[in-house]
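Please look over the sequence and the structure shown below before reading on. The report that follows takes up the ligand, the packing of helices and some features of the backbone.

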Amino acid sequence: MTGLKIIATGGALPSRVVTNDDLSKIVDTSDEWIYPRTGIHSRYFCGENESTTDLAIKAASQALERANIDKEQIGCVVVATLSAEFACPSTACLIQEALGLPTDIAALDINAACTGFIYGTEVARGFLSANGKKYALVIGVEKLSKILDMTDRTTCVLFGDGAGAAVYEADDTMYYSIQGACGAKDILVPGINEADGKSYVSMNGKNVFKFAVSAIPRVINGIFEKSEKTMDDVDWVVCHQANSRIIDHVVKKYKAPTEKFYKNMDRFGNTSAASVPLALNELCESGKVKSGDSVMLVGFGGGLTEAGVLLSYAPKA
Ligand code: UT7
């Protein structure tokens, strides 16, 4: 076995929708500032009783139901998150227990910020290669609202909560992946709010923007080099949904049709590790992606990290 294909996806969102207008009542901001710069109109925030674990279990169970497989055949559970409910037990172990998944497989959380789901895909491929099992469950989940400084308008308007999941099947047809990482502490890190001394997300937006518009083509070109394919061979590209302008920049660079690059940050904001699988799930639910289509997933973000994977969509049902 050398690669993976996507056989099913799932998603979950918290109950509370927070619009740009809602945020303008908390901080000095407006839809007129946020939307043109980011493409974001609203996002979901967890209510008091909604946890990262709840979202992850919902998304995972939807993906598993849709996969139409015997859950005893799941060969690993990998959860990408930077906002797990607990450091231990891991979200992955809580999913394993809640969904009655096999106990003779690995279940673990990883953190590669917004690139986490794509790193997680590669980690899952490694487990299946090692244990010879057929299917992997990979989830990206975040409750970023708990680490947002709601007095900092430069960050609190950008992020949201949610979860996305995929069931992968070991596959020999088409799979190319690439990963990168480069330690940078100064542009996207937990910051300290002087008023309460707590640690929150802080970001140098302009520098992260510059990183993003160089990282995405680096990842895409890296995959093209390995696969000897071009943008014409790729049916769908699902990038991390940080900012609509970042994706527009890439579309222009490759002279690609706009529809090839899926976007949903208008309703979800930036959900870090959940962003790619949530967008992938919406794309699959839309019915636009057909069995046998090629899908490229591209992530970039905190660390700094970047990664991509090119694989097929082939649902079983
Ligand atoms: O997953 C992580 C990946 N993250 C990203 O990809 C984010 C990449 N960066 C960006 O998307 C953009 O840099 C932002 C959307 C975050 C910011 O846009 P910008 O055009 O770079 O704005 P800026 O930071 O230069 O701020 C311009 C002005 C400043 O005011 P002054 O100094 O010119 O008076 C800010 O204080 O806009 C002000 N500002 C705001 N105003 C209203 C910053 N945030 C807000 C806000 N509402 N929410």
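## Around the ligand

In this predicted model, a backbone N or O atom of Arg 153 lies 2.9 Å from a nitrogen atom of the ligand, and a backbone N or O atom of Gly 205 is likewise placed 2.9 Å from a nitrogen atom of the ligand.

The ligand has 21 residues around it, of which Thr 29, Arg 153, His 240, Asn 243 and Asn 270 come nearest.

## Helix 7 and helix 8

Two packed helices are described by the angle between their axes and the distance between the axes. For helix 7, which covers residues 205–227, and helix 8, which covers residues 244–254, the axes come within 10 Å and cross at roughly 45°. Helix 7 is therefore oblique to helix 8, and the crossing in which helix 7 passes helix 8 is right-handed.

On the side of helix 7, the residues that meet helix 8 are Phe 209, Ala 212, Val 213, Ile 216, Pro 217, Ile 220, Asn 221 and Phe 224, while helix 8 contributes Arg 245, Ile 246, His 249, Val 250, Lys 253 and Tyr 254. Sorted by class, the residues of this contact are 10 nonpolar, 2 polar and 2 charged.

## Helix 3 and helix 4

Helix 3 (residues 52–67) packs against helix 4 (residues 91–98) at an angle of about 55°, and their axes are 10 Å apart. These two helices are therefore oblique to each other, and helix 3 passes helix 4 in a right-handed crossing.

Thr 53, Ala 56, Ile 57 and Ala 60 of helix 3 make the contact with Thr 91, Leu 94, Ile 95 and Ala 98 of helix 4. Here the classes are 6 nonpolar and 2 polar residues, with no charged residues.

## Backbone features in the loops

Most residues other than glycine have a negative phi, and most peptide bonds are trans. Against that background, the peptide bond from Cys 88 to Pro 89 is cis, with omega near 0°, and Pro 89 is placed in the loop between strand 4 (74–80) and helix 4. Another cis peptide bond joins Gly 303 and Leu 304, with omega about 0°, and Leu 304 belongs to the loop between strand 12 (294–301) and strand 13 (305–313).

Technical notes: Residues numbered from 1 in each chain as written. Predicted model: local features only at pLDDT ≥ 70, side-chain atom pairs only at ≥ 80, totals over all residues. Heavy atoms only, no water. Axes fitted to C-alpha atoms, helices over the stretch in contact; angles between N-to-C directions. Helix = DSSP H or I, 4+ residues; strand = E, 2+ residues; numbered from the N terminus. Parallel < 35°, antiparallel > 145°, perpendicular 65-115°, else oblique. Left-handed = near helix turned anticlockwise from the far one by under 90°. Contact = heavy atoms within 4.5 Å. Nonpolar A, V, L, I, M, F, W, Y, C, P; charged D, E, K, R; others polar. Near = heavy atom within 4 Å. Polar contact = N/O pair within 3.5 Å; in protein donor to acceptor, adjacent residues only side chain to side chain.
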